[in-house]
Amino acid sequence: MGTSPGEPTYTITAKGAHDFPRNSGNVTAKVGDVAEFDQVLTDDRIYVRGGTGTETMPWSYTDRADAKVQHMLRPPGNDAAHLLRQASMSSGYERFGTEKVAGAATTRYSAPLSHKALAFNMTKEARGKSDQLRDMMGGEIPVTTDVWVDAEGRAVRVRLSLDIPGSVSSTTTLTLSDLGLAVKVTVPTAEGSEESEAFSG
């Protein structure tokens, strides 16, 4: 996550497994060396636990429908399906040659991300800021969607990138591996978790 020039740049790394047909998964996310969180996504809820340093919190949850985007290119709850949905909303993809991704031969396609896709599922405040930035620029915010597709027609990497020189830069990359393998999702028990305010990314 990039911010304005001179301000800190934050790197968020998330790894886990996702069952797209069942809209569920599990993720461990780290914010640099500062914080680490475990997350479980179900069709109805997002569960999270973890914390910073010695301060930790037990499992809590929020309704998945209430999880909204707070920052451009930052999917709520590290939801891989959200990122793929944004990429699918892009049109006018152009072929940019072949590349290797995790050892697999792929073809890279690139297209601009529409403002509708950029603002997908944003909070009212975040949408207002993105609309304001678009108006200041006098046109679409320059976000690029890159998708790497393997020989079987499967997306194995998706990248959304924003770079406005002198203003803001941000990149989100999703790499998919072990496609087709079974995913086991262990949902925290209701007795062991508490409801929390809406989780936003």
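**Reading salt bridges in a predicted model**

Modeller: D146 is buried, with a relative accessible area of 3%. Keep in mind that this is a predicted model.

Biologist: Why does D146 count as buried?

Modeller: Buried means under 20% relative accessible area. D146 comes out at 3%, so the residue is classed as buried.

Biologist: Which side chain meets D146 in a salt bridge?

Modeller: Start with the general idea. Side chains of opposite charge can pair when their charged atoms come close. In this structure, the partner of D146 is R159, at 3.1 Å from N to O.

Biologist: How accessible is R159?

Modeller: R159 has 28% relative accessibility and counts as partly exposed.

Biologist: Which residues are linked with D146 and R159 in a network of salt bridges?

Modeller: E99 and R108 belong to that network, together with D146 and R159.

Biologist: How many salt bridges does the structure hold?

Modeller: Ten. One of them joins D79 and R64. Their closest N and O atoms are 2.8 Å apart. Both residues lie in the loop between β5 (55–63) and α1 (80–88), so this pair ties together parts that are 15 residues apart in sequence.

Biologist: Are D79 and R64 buried or exposed?

Modeller: Both D79 and R64 are buried.

Biologist: Now a helix. What separates R134 and D131 along α3?

Modeller: About one helical turn. R134 and D131 are three residues apart in helix α3, which covers residues 124–137. They form a salt bridge, with the closest N and O atoms 3.9 Å apart. The cut-off is within 4 Å, so the pair counts.

Biologist: What are the relative accessible areas of R134 and D131?

Modeller: R134 has 27% and is partly exposed. D131 has 24% and is partly exposed too.

Biologist: Last, where is Y10 found?

Modeller: Y10 is in the segment before β1 (12–19). At 43% relative accessibility, Y10 counts as partly exposed.

Biologist: How far apart are Y10 and K129, in sequence and in space?

Modeller: Read two separations here. Along the sequence, Y10 and K129 are 119 residues apart. In space, their C-alpha atoms are 20 Å apart.

Technical notes:
Residues numbered from 1 in each chain as written. Predicted model: local features only at pLDDT ≥ 70, side-chain atom pairs only at ≥ 80, totals over all residues. Heavy atoms only, no water. Helix = DSSP H or I, 4+ residues; strand = E, 2+ residues; numbered from the N terminus. Buried < 20%, exposed > 50% of the residue type's maximum accessible area, 1.4 Å probe, protein only.
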